[in-house]
Amino acid sequence: MMGSKVQYAVIGLGRFGGAVTRELFNMGREVLAIDANEDLVREYSAYSTHAMIANTTDEATIKALGIKNFNYVIVAIGDDIQASILTTLILKEIGVENVWVKAQNEYHHKVLEKIGADRIIHPEKDMGTRIAQHLVSQHVIDY
Ligand code: ATP
């Protein structure tokens, strides 16, 4: 990727995907925001490089988005586990290098692992772990 910018896409603009999108954009990164919900896409057009309405469970739709060559795609679809799995499967099948996916539960996690998700995120659990580490490192500094 020498000479060209790293490209990110975020699918699902709920609290998690929305925060990822805003932070990437704030850090000056190139980020494509995608959601099936038109209102969210309109809102995120101000917090992303591009924002698009799409249902990502459709392979033709994903191909038309041109995200095959994006460096990172974050799948932040929550409640609809089937949509999350199908989206991840299509992304890996078309050859996206790094697909990071938010998991809803352990069953979801296992399936994501099998279909080749590159990183599986459990926002509350991961944040709890990090906070505990911060608490301890804070204590080390205080001590
Ligand atoms: P959070 O906890 O991060 O707020 P959540 O777990 O409640 O999220 P949802 O709100 O269920 O997650 O999903 C996040 C977003 O994903 C929603 O805005 C929804 O419109 C979008 N989404 C769901 N299915 C699809 C799909 N097939 N294609 C595109 N976007 C989708």
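The structure is a predicted model, in which local features need pLDDT of at least 70 and side-chain atom pairs count only at pLDDT 80 or more, while totals for chains, interfaces and linings use all residues. Residues are numbered from 1 along each chain as its sequence is written, and side-chain values use heavy atoms, with hydrogens and water left out.

The chain contains 6 helices and 6 strands; helices (H or I, at least four residues) and strands (E, at least two) are DSSP runs, numbered from the N terminus. In sequence order the pattern is β-α-β-α-β-α-β-α-β-α-β-α. The radius of gyration, taken over C-alpha atoms, is 16 Å, close to the 15 Å given for 143 residues by the globule rule, so the chain is as compact as a globular protein of that length. That rule is 2.2 Å times the number of residues to the power 0.38. The C-alpha trace spans about 55 × 35 × 35 Å along its principal axes. Of the 143 residues, 37% are buried, where buried means under 20% relative accessible area, exposed means over 50%, and partly exposed lies in between (1.4 Å probe, protein chains only). Among contacts (heavy atoms within 4.5 Å) with a separation of 6 or more, 46% are between residues 24 or more positions apart.

The largest nonpolar core has 26 residues. A nonpolar core is a set of buried Ala, Val, Leu, Ile, Met, Phe, Trp, Tyr and Cys residues joined through side-chain atoms within 4.5 Å. The residues with the most contacts inside this core are Ala 9, Ile 11, Ile 34, Ile 67, Val 73, Leu 91 and Leu 112. Two or more residues each come from E1, E2, helix H3 (59-65), strand E4 (72-75), helix H4 (81-93) and strand E5 (98-102). Helix H4 gives the most, with 5 residues. Leaving out residues up to four places away in sequence, Ile 11 touches residues including Ile 34, Ile 67, Val 73 and Leu 91. A second, separate core of 8 residues includes Leu 24, Val 31, Ala 33 and Ile 74.

Gly 17, Gly 18, Thr 21 and Leu 24 are the buried residues of H1. These residues cover an arc of only 135° around the axis, which puts them on the same side of H1; the arc is that of the directions from the helix axis to the C-beta atoms. Their cover includes strand E1 (7-11), strand E2 (30-35) and helix H2 (38-44). The face turned away from the buried side carries the exposed residues Arg 15 and Asn 26. After H1 comes Gly 28, with a positive phi near 80°.

His 109 lies in helix H5 (residues 106-114) and counts as buried at 17% relative accessibility. Its side chain is joined to that of His 122 by a polar contact of 2.7 Å. A polar contact is a pair of N or O atoms within 3.5 Å; within protein, one must be able to donate a hydrogen and the other to accept it, and residues adjacent in sequence count only if both atoms are side-chain atoms. Lys 92, in helix H4, counts as partly exposed at 23% relative accessibility.
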